[in-house]
Amino acid sequence: MQLNRLLLALGLLTACGGDAPAVQRPVPPPVAQECPAPQPAPPAELDEQTLVEKSKALFDAIDNNDATTFMRMVGPSFVLFEEARSYSAPMLVSQMAGRLERGTKKTRQWKDVRAELGPNAAVFTGDAIEQVPGEAGATSTWEGWNTIVWVFDGTDWRAAHAQWQPGGVDAERSMWNEAFRKGGAFKTTPNQLLVDTVKTIKTRGTALDVSMGQGRNAVFLATKGWKVTGIDLSDEAIRQANAAAAKAHTKLTTVQADTDSYDFGVAKYDLVTMIYAGSDGALVDKLAAAVKPNGYLIVEYFASESTAGSGIGGFAAGELAAKLAGWKITRDEIVDDLADWGLRKQSLVRFVAQKTAPAPAAKTVPAAKTAPKAPAVPADPMKP
């Protein structure tokens, strides 16, 4: 019976005229090929000089009220932060428009610029004196540090952030006033190099303590019989030094002044200290000139090898000895020790030198006087 059914089915297929229908297999959908994301262009080459020029050009655009150039150089989220206020790019453009209407421009004179480069970011810092126009032709002068952070956005370097903070003598004085009010970051006892050196000096005379701070070294010298003048930029330092001298029942002359412009005189002091007072070579020259013959210059500060990139400077090995060639150098070393400022172990330069007195001029012995020779008498032609 089953065989008959099979034969019947085959007959029907044959009768319909054709082979058995082919089985239709489902066609899989085409696989989407993932295209690699476009790679951003590498940052344009940027060296220090280019960074400085680009940064100055941005400030030139601001000062000259050139909003078009300014907007082309900044990114979409650019902001300028000045002390307690922030200014967006549209706000700065509005200020430019106001100056443009009044026909006024800012001027800027750069004193010091610095550049730091990274693979996708760069930082410009510069100290500038600005002349800002005011009412009725008046101008105000501001000195401050300007910072710009540049980033590469895939097509060009654009300014992402800028900042201004006060600079100059007033800002530095304010910073040191705050440091001396808070304390805690420096020793309040006399410098050990100074203590050790003074023990070897028999005679007492005039002494100058440069950047004396709260007076720890100046008062120490005064209690040892020196006639001391202490100089510092900070009025808070002057106040603390005078109070310390009064407490020690000793006399101290204090001068509030900037060491960059102060006249130290020539051959005026028997002892000059430059202890944690920076590493400015021009200041060393002025202090060396202020030391009397046979007087002493005492220096302690950070070695340049331990302060690289910090911005606080430092002396290289042998630098002071080379500058004071001809002096009698009694100590010139770099040691790892606890710094009076910062209170942590660092490489320190310790230097002591005595100015050699000029050799006395040799006495000249006048030549013995001889009687003048009698003039020759011409022969008498009439005598034989």
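Modeller: In this predicted model, contact means heavy atoms within 4.5 Å.

Biologist: On that basis, which residues does Val210 touch, not counting residues up to four places away in sequence?

Modeller: Val210 is one of the residues that touch the most other members of the largest nonpolar core, a set of 54 residues. Once residues up to four places away in sequence are set aside, the residues that Val210 touches are Ile231, Thr259, Phe264, Val272, Thr273, Ala277, Leu283 and Leu287.

Biologist: Which strands stand at the edges of the open sheet, with one side of each left without a neighbour?

Modeller: The sheet is built from seven strands with mixed pairing, in the order β9-β8-β7-β10-β11-β13-β12. Each edge strand has a single partner strand, so one side of it is left without a neighbour in the sheet, and the strands in question are β9 (253-256) and β12 (328-338).

Biologist: What is the bridge partner of Tyr301 in β13?

Modeller: Strand β11 (residues 291-302) pairs with β13 (residues 345-354) in the antiparallel sense, over seven bridges. For Tyr301, the bridge partner in β13 is Val349.

Biologist: What angle does the direction of helix α9 make with that of β11?

Modeller: Helix α9 (residues 281-290) packs on the sheet, where it touches β7 (206-210), β10 (269-275) and β11. The direction of α9 makes with that of β11 an angle of about 150°.

Biologist: How far apart are the end C-alpha atoms of helix α4?

Modeller: Helix α4 comprises 14 residues (89-102), and at 1.5 Å a residue these should span 20 Å. The model agrees with that expectation, because the end C-alpha atoms of α4 are apart by 20 Å.

How values were computed: Residues are numbered from 1 along each chain as its sequence is written. This is a predicted model: local features need pLDDT of at least 70, side-chain atom pairs count only at pLDDT 80 or more; totals for chains, interfaces and linings use all residues. Side-chain values use heavy atoms; hydrogens and water are left out. Helices (H or I, at least four residues) and strands (E, at least two) are DSSP runs, numbered from the N terminus. The expected span of a helix is 1.5 Å times one less than its number of residues. A nonpolar core is a set of buried Ala, Val, Leu, Ile, Met, Phe, Trp, Tyr and Cys residues joined through side-chain atoms within 4.5 Å. Buried means under 20% relative accessible area, exposed over 50%, partly exposed in between (1.4 Å probe, protein chains only). Two strands pair if DSSP finds at least two bridges between them. Axes are lines fitted to C-alpha atoms, for helices over the stretch in contact, and angles run from 0 to 180 degrees between N-to-C directions.
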